[in-house]
Amino acid sequence: MKDEQTHKKLRKKRCVVLRFLKSPPNQTKTSQEILHHLQNIVDFGKHVMKQFFGENYVHHGEIIQLPLDFVRQLCLKIQPERPECRCDKDMDTRSGFAMCLPNLTRPQSYRLAEHRPLLCIEIKPKCGFIPFSSHVSQEIKHKVCRYCMHQHLKVANGKWKRPSKYCPLDLFSGNKQRMHFALKSLLQEAQNNLKIFKNGELIYGCKDDQDCVSDWNELARHLKPFFFPSNGLVSGPHCTRTIVKELIQVITMTLLSSTDTCRAGDMKTVPVSQGRSYCEASAFNKELVRNGKHKLESSGLPRGCLLYKTLQAQMLDMLDIEGLYPLYSRVEQYLEEFPEERSTLQIDGPYNEAFYEKLLDLSTEDDGTVAFALTKVQQYRIAMTAKDCSIMIALSPCLQDECSEQRSVVLASKSRFTFSVSVLDLDLKPYESIPHQYKLDGEIVNYYLKNVQAKDDPVMSNLFKENEDCTLVLHKV
Ligand SMILES: O=P(O)(O)O[C@@H]1[C@@H](OP(=O)(O)O)[C@H](OP(=O)(O)O)[C@H](O)[C@H](OP(=O)(O)O)[C@H]1OP(=O)(O)O
Ligand SMILES: Nc1ncnc2c1ncn2[C@@H]1O[C@H](COP(=O)(O)OP(=O)(O)OP(=O)(O)O)[C@@H](O)[C@H]1O
């Protein structure tokens with residue numbers, strides 16, 4: 001559960017990040033329980049997610065023990081900085097245990113001088129494919145992606161004021177035009193999917209659900225020294241657009257870069273032809289249709305890039321929650337009968353090599369066993385984790401001669417950057433969240449069908465138009 005998984009981070013000048021466990025005030029844990037939980041997180045990153053995402057993209061960190069006095073003072077210092085909506089849980093100040101991670105707002109591959117300016121873009125891309133499972137009961141799920149459907153429910157519930165034009169399928173398409181559109185949409189409506197940091201400070205995006213910074217002119221002012229260091233560009237709206245374009249171009253190039261290989265690299269979870277590569281609700285797609293073009297390009301992602309790895313891990317959800325839920329119920333029934341088996345089944349870890357090996361069985365033929373059900377449940381949990389993780393792109397300007405030995409360099413029109421791409425928030429989603437996923441899926445789809453599709457769907461609206469024509473004809477008769 002979130003309360004078990006959440007932590008607090010602190011950026012430090014010495015370039016490490018400390019991550020502490022958080023829990024609701026009435027559910028404090030013993031030091032041993034905290035240590036065990038942190039160990040599970042580290043093991044999961046090390047033995048499982050590194051295999052799926054690749055050595056260089058995942059930073060599993062290590063557990064350290066800090067003096068309690070230091071931890072308490074730290075907690076007091078950061079408390080006023082925490083968004084109110086996250087304060088339902090308290091940071092653990094009793095055990096002294098924390099995870100120590102590299103500061104991913106800095107490029108990882110290159111030893112940079114401390115004073116070097118840093119730019120960091122954090123993207124939470126969400127689910128980049130449309131379910132291909134035959135267990136899906138509503139046709140709309142084969143046409144419109146979950147993110148685009150969920151937007152409407154989120155706006156209705158008041159989570160966000162406006163819907164975003166971002167569609168994950170555009171970002172994951174590998175097609176530069178579609179990726180640019182997706183990134184521009186994120187810049188227009190960042191929600192919790194985009195944050196930009198300069199020297200570790202948030203300069204763009206939402207601090208919490210209420211407090212969002214989204215002024216493009218202000219953003220361009222921050223970015224100008226990175227993209228036009230010699231200050232040769234005039235100011236004004238033209239300048240803002242140019243800088244934003246440069247930013248989008250650089251993000252696209254870094255996202256398509258391949259800086260790693262991994263063990264599960266050749267594991268194809270789904271043939272590309274099986275799933276639909278675009279979402280009917282994507283504003284990019286709608287625009288094409290309006291212009292009479294019906295073929296949406298999906299260039300495909302390079303196999304080594306982080307987006308590709310993320311998508312492959314997401315696609316471990318092969319049955320969709322509708323096909324998965326009965327299998328979860330089978331495991332549940334078994335555990336009711338044999339509760340002592342929970343640890344043998346490795347539901348709550350240990351997340352070791354054996355756990356990883358079992359995830360590699362991609363068969364979807366149900367032989368009626370608990371073993372089959374469990375494998376699908378665990379794969380689904382990995383997929384859920386990959387659907388909710390974030391990508392950090394760290395950039396730092398470098399001069400031509402400095403960058404010459406560096407592989408990870410990205411060029412903008414008037415500048416160049418050393419960069420690294422990492423993935424974060426890879427805590428395994430809890431087994432217990434599956435019923436919630438099932439319920440939420442139903443709510444998202446039902447809301448969309450009832451409130452959006454009838455007004456929005458071109459087929460439906462044509463149908464309405466045809467009916468209107470029909471009525472006219474009838475009137476004439
Ligand atoms: O279900 P979703 O798609 O809304 O995702 C939740 C996220 O909402 P989002 O859609 O990204 O605004 C949600 O994001 P926020 O906390 O709302 O920013 C969490 O990441 C949540 O994870 P957990 O249950 O806290 O571990 C996420 O829940 P999980 O579904 O990943 O468990
Ligand atoms: N290693 C890191 N380097 C730099 N920034 C980080 C690092 N890890 C996390 N962060 C920042 O902290 C934010 C929260 O991280 P994460 O989502 O992993 O936290 P969490 O423990 O799930 O907490 P929350 O309940 O706030 O979501 C990230 O979105 C990112 O901006």
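Which residue caps the N-terminal end of α9?

Reply: Happy to walk you through it. This is a predicted model, so local features need pLDDT of at least 70 and side-chain atom pairs count only at pLDDT 80 or more, while totals for chains, interfaces and linings use all residues. Side-chain values use heavy atoms, with hydrogens and water left out; residues are numbered from 1 along each chain as its sequence is written, and chains are lettered from A and ligands numbered from 1 in the order in which they are written.

The cap is S282: one of its side-chain oxygens lies 3.1 Å from the backbone nitrogen of F284. Such a polar contact is a pair of N or O atoms within 3.5 Å; within protein, one must be able to donate a hydrogen and the other to accept it, and residues adjacent in sequence count only if both atoms are side-chain atoms. Helices (H or I, at least four residues) and strands (E, at least two) are DSSP runs, numbered from the N terminus.

Helix α9 covers residues 283–290, and its buried residues are F284, N285 and L288. They span an arc of only 100° around the axis, which puts them on the same side of α9; the arc is that of the directions from the helix axis to the C-beta atoms. Buried means under 20% relative accessible area, exposed over 50%, and partly exposed in between (1.4 Å probe, protein chains only). The buried residues of α9 pack against α5 (168–171) and α6 (176–188), where contact means heavy atoms within 4.5 Å. After α9 comes G292, with a positive phi near 80°.

Now for a pair of packed helices. Helix α2 (residues 31–53) meets helix α13 (residues 370–387) at an angle of about 75°, and their axes are 12 Å apart. That makes α2 roughly perpendicular to α13; the classes are under 35 degrees for roughly parallel, over 145 for roughly antiparallel, 65 to 115 for roughly perpendicular, and oblique for the rest. Axes are lines fitted to C-alpha atoms, for helices over the stretch in contact, and angles run from 0 to 180 degrees between N-to-C directions. On the α2 side are F44, V48, M49, F52 and F53, and they meet I382, T385 and A386 in α13. Also in α13 is T375, buried with a relative accessible area of 15%. Beyond its neighbours within four places in sequence, T375 is in contact with K358 and D361.

Next, a loop residue: S133 sits between β6 (119–123) and α4 (146–157). At 5% relative accessibility, S133 counts as buried, and a polar atom of its side chain lies 2.9 Å from the backbone nitrogen of H135. Not counting residues up to four places away in sequence, S133 touches H142, M318, L319 and D320. D320 itself is in helix α11 and is buried at 7% relative accessibility. Its phi is positive, near 70°, although D320 is not a glycine.

Most residues other than glycine have a negative phi, and most peptide bonds are trans. N199 is another non-glycine with a positive phi, of about 45°; N199 lies in the loop between β7 (194–198) and β8 (201–206) and is partly exposed, at 43% relative accessible area. Finally, the peptide bond joining G349 and P350 is cis, with omega about 0°, and P350 is in the loop between α11 (320–337) and α12 (353–358).
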